[in-house]
Amino acid sequence: MNASQIITEDMTLEEKLSAIDAAMKAAQEAAQEQAKKNGTIAAPLDPAALTMCEGCQ
């Protein structure tokens, strides 16, 4: 996930944190749904992964 897709420069800190929380929740729900289909367990997301660029990960 690219942080620039969910936050912008003109957002307040609270808006940025809310957007990140919503993205994390959506990603975790998608991972849990996929894991359920595969019969596996989804690991929780690392919040830092959502704020790093793809090259830094």
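Modeller: Helices (H or I, at least four residues) and strands (E, at least two) are DSSP runs, numbered from the N terminus. By that count the protein chain has 1 helix and 0 strands. This is a predicted model, in which local features need pLDDT of at least 70 and side-chain atom pairs pLDDT 80 or more, while totals for chains, interfaces and linings use all residues. Residues are numbered from 1 along each chain as its sequence is written, and side-chain values use heavy atoms, without hydrogens and water.

The negative surface patch consists of Glu-9, Asp-10, Glu-14 and Glu-15. A patch takes residues with over 30% relative accessible area and no salt bridge, and joins like charges within 9 Å. A salt bridge here is a Lys or Arg side-chain nitrogen within 4 Å of an Asp or Glu carboxyl oxygen.

Asp-10 belongs to the segment before helix 1, whereas Glu-14 is within helix 1, which covers residues 13-38. Asp-10 has a relative accessible area of 67%, so Asp-10 counts as exposed (over 50%; buried is under 20% and partly exposed in between, with a 1.4 Å probe and protein chains only). Glu-14 is also exposed, because its relative accessible area is 57%.

For Gln-32, 22 residues from Asp-10 along the chain, the C-alpha separation is 32 Å. Gln-32 is a residue of helix 1 and is partly exposed, because its relative accessibility is 44%.

Helix 1 also holds Ala-23, which is buried because its relative accessibility is 10%. From C-alpha to C-alpha, Ala-23 is 12 Å from Ala-48, at 25 residues apart in sequence.

As for the setting, buried residues are 14% of the 57 in the protein chain. The C-alpha trace spans about 40 × 25 × 15 Å along its principal axes.

Conventions
Patches are made of residues with over 30% relative accessible area and no salt bridge: like charges are joined within 9 Å, nonpolar side chains (Val, Leu, Ile, Met, Phe, Trp, Tyr) within 5 Å. Accessible areas come from the Shrake-Rupley method with a 1.4 Å probe; for residues, only the protein chains shown count as cover. Lys and Arg count as positive and Asp and Glu as negative; His and the chain ends are not counted. The place of a charge is taken as NZ of Lys, CZ of Arg, CG of Asp or CD of Glu.
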